[in-house]
Amino acid sequence: MAVSGESVTPLLIRPHPDDRGQLLTDGDGDTQLDASLRGLENFLRIFGFCQYSPLSFVLSWLSFLALAVLLPFLIIEFSYCANCEKYEIRSFELEILVCQALAAAISLLCVSHNLRKYGVRKFLFVDRTHGHLAQFRDQYLKMIRGFFRLLLMWVVPCFIIKTAREVLRIIYTHDKSWWPSVLMLFALLFSWAYSTIIFLSGSALFNLVCNFQVIHFENFGKLLEEDRSVSAYIEEHIRLTHHLSKISHRFRIYLLFEFLVVTASQFVALLQTTGNRGIINFLNGCDFVISSVVQLVGIVVCLHAAAKISHRAQSLGSVASRWHAIVTSSLEDASLPITANANGNTAVATPSNSLPISYSESDLEAVDYVPVPTNSQLASYMTSYHKRQAFVTYLQTNPGGASIFGWTVDRVLINTLFFMEMALVLFVLGKTITITTK
């Protein structure tokens, strides 16, 4: 039973109509999907994720160190002004820079490693046999467009707030020439956008990979409506769970490290803001807010995608149970259908080689003449029943799901993480905020 990504599953080969009801040719659909994947790869190459050669590897990391670490650090160190201490601006900036750079570095490291090892198509599980299936092209294209919409939806609002904060900082702390201040403004905004897009791109890519597999898991329920063999259904489920285990293996380090870095960053932000004896205002506290929002969005996107695909995988057991019940009941009802004749009596339909036997309600002995199913018919029915039952048992005992070192990311794990974070928040607040009564 093949489980590799290169095997072709017969269940998945279907014609695909477009929005106008016309069938698309493979060339047209492949051209659109290829163009979208090339656009996605070019975007990732611009931000240094596509490290396919030693030269691109060195250039990518040098660019990251220069733009995301060295440039903002130099601006923070050499942009001292007399009013900076008055507004307590410099007290938080180094902590924010360290947390932001660590989160972006983890995203760049993990994603670039997977892209260098597998390439864009295999990394997204969009290969020539499964990615170019006619029935999934439109959904793939929609998901790729959703990747860019997700980035724009969160980067643009945060960028506007960041710009407003930096402009106000120049206005309130200006004591030199305007040109150096304007240049530092553009440099800081460019550096922030660069590191933020790198961080959120890792989360958005994980979300994209999971959404691609969600398409197949949702389609699996529709496949049960077709008259296929149970072995073909099992083969398709093994292929899906095999891809799911690959996704979990490739992203487990990324998810774990990002969660630890974001938790540490939020801990530092909460400790610095609640334990600070000065006044927290828009100038010195806005960067903490923006950084916290970006990091929480990245983690929530990852947890939502992992939980979504886990729930789709776990729900296949109930879907198969319903399918098994419907098929079993329909076969039992169709085995001896009862109809009414012209005289108002009931008739039991027998197999095609036997004549129907009519009997009235008063003639109870006529029931003895209803033909009993042959041994071959009964054996065929029981064999089909046991195959379906074994398939349902298999799905219920192998739910699958996205996991991090064996921990399945579902509602239970998310609830556990929520209460752990809540306990950490209450601990910090208990150490920094005290209420005294006279």
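## Ring against ring

Two rings of Phe, Tyr or Trp count as a pair here if their centres lie within 6.5 Å. By that rule, this predicted model holds 17 aromatic pairs. Take Tyr140 and Phe212, which form a tilted pair with 4.6 Å from centre to centre and 55° between the planes. Tyr140 sits in helix H5 (residues 137-173) and Phe212 in helix H6 (residues 178-223), so this pair ties together parts that are 72 residues apart in sequence. Tyr140 is buried, at 1% relative accessibility, and Phe212 is buried with a relative accessible area of 1%.

There's also an aromatic cluster to look for, made up of Phe43, Phe47, Phe147, Phe148 and Tyr194. And if you like a charge on a ring, go to Tyr118: Arg250 lies over its face, 3.6 Å from the ring centre.

## The chain as a whole

Stepping back, the chain has ten helices and five strands. It runs to 438 residues, and 42% of them count as buried. The accessible surface is about 23400 Å², with 65% of that belonging to carbon and sulfur atoms.

How much of the contact count comes from residues 24 or more positions apart? Looking at contacts with a separation of 6 or more, such residues account for 81%.

## The nonpolar core

The largest nonpolar core takes in 87 residues, and Phe64, Leu124, Phe206 and Phe391 have the most contacts inside it. Helix H6 gives the most to this core, with 19 residues.

Leu124 is a handy one to click on. Leaving out residues up to four places away in sequence, Leu124 touches Leu37, Leu40, Leu208, Val209 and Phe212.

Another residue to check is Ser201, which is found in helix H6. Is Ser201 buried or exposed? With a relative accessible area of 0%, Ser201 is buried, since the cut-off for that is under 20%. Once residues up to four places away in sequence are set aside, Ser201 touches Phe43, Phe49, Phe147 and Leu151. Two of those names, Phe43 and Phe147, also belong to the aromatic cluster.

## Around the end of helix H4

Gly119 lies in helix H4 and is buried, with a relative accessible area of 18%. Where does Tyr52 come in? Tyr52 is 67 residues from Gly119 in sequence, yet their C-alpha atoms are 8.6 Å apart in space.

The unreviewed UniProt entry annotates residues 61-82, 94-115, 143-161, 182-206, 251-270, 282-307 and 412-430 as "transmembrane region". Bear in mind that annotations like this may be inferred rather than shown by experiment.

What does the model put at residues 251-270? That span is 100% helix and 0% strand, with its end C-alpha atoms 28 Å apart. For residues 412-430, the chain is likewise 100% helix and 0% strand, and the end C-alpha atoms lie 27 Å apart.

Definitions and conventions:
Residues numbered from 1 in each chain as written. Predicted model: local features only at pLDDT ≥ 70, side-chain atom pairs only at ≥ 80, totals over all residues. Heavy atoms only, no water. Helix = DSSP H or I, 4+ residues; strand = E, 2+ residues; numbered from the N terminus. Buried < 20%, exposed > 50% of the residue type's maximum accessible area, 1.4 Å probe, protein only. Contact = heavy atoms within 4.5 Å. Areas by Shrake-Rupley, 256 points an atom, 1.4 Å probe, with all protein chains shown as cover. Phe/Tyr/Trp six-rings, centres within 6.5 Å; stacked < 30°, edge-to-face > 60°. Lys NZ or Arg CZ within 6 Å of the ring centre and 35° of its normal. Core = buried A, V, L, I, M, F, W, Y, C linked by side-chain atoms within 4.5 Å.
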